[in-house]
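Me: I would like a close look at one part of this model, the packing around a single aromatic side chain. Please go on from there to the surrounding core and the ring pairs.

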Amino acid sequence: MAITLTEAAARHVSRYLSRRGKGLGVRLGVKTTGCSGLAYKLEYVDDQAPEDLVFEHHGVKVIIDPKSLAYIDGTELDFVREGLNEGFKFNNPNERDRCGCGESFRV
């Protein structure tokens with residue numbers, strides 16, 4: 001499988017990287033935290049490690065560390081606007097439960 005980006009997410013990342021003036025793409029991973037055990041980690045990347053996995057959609061690279069892939073394989077990264085709020089949304093088919101505050105998830 002793979003990690004994918006919607007066109008909206010790719011446009012947002014591309015605009016940000018352009019304003020920033022540097023960067024290869026975004027790094028998507030997970031960290032242990034919260035009520036349910038795991039939380040998504042998303043950051044802009046300037047360089048990648050040799051073991052990193054790279055997926056590219058709509059001209060934007062998504063870089064994943066191999067340990068995180070088991071938890072997020074098949075995830076679609078979207079960028080949504082709901083009212084005055086906007087942000088990334090993770091559509092992860094592996095997600096089985098999410099905590100009430102929405103910060104963490106379980107597979």
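What is the relative accessibility of F79, and does F79 count as buried or exposed?

Reply: F79 counts as buried, at 9% relative accessibility (buried is under 20% relative accessible area, exposed over 50%, partly exposed in between, with a 1.4 Å probe and protein chains only). This is a predicted model, in which local features need pLDDT of at least 70 and side-chain atom pairs pLDDT 80 or more, while totals for chains, interfaces and linings use all residues. Residues are numbered from 1 along each chain as its sequence is written, and side-chain values use heavy atoms, without hydrogens or water.

Leaving aside residues up to four places away in sequence, V62 touches I3, L5, V26, L28, L53, V54 and F55 (contact is heavy atoms within 4.5 Å).

The structure holds three aromatic pairs (Phe, Tyr or Trp rings, the six-membered one for Trp, with centres within 6.5 Å; planes under 30 degrees apart are stacked, over 60 edge-to-face, the rest tilted). Y40 and F90 form a stacked pair, 4.1 Å centre to centre with 10° between the planes. Y40 lies in strand β3 and F90 in strand β7 (residues 85–91), so this pair ties together parts 50 residues apart in sequence. Y40 is buried at 13% relative accessibility, and F90 is buried at 18%. F79 pairs edge-to-face with F88, at 5.2 Å centre to centre and 70° between the planes. F88 is partly exposed, with a relative accessible area of 25%.

How values were computed. Helices (H or I, at least four residues) and strands (E, at least two) are DSSP runs, numbered from the N terminus.
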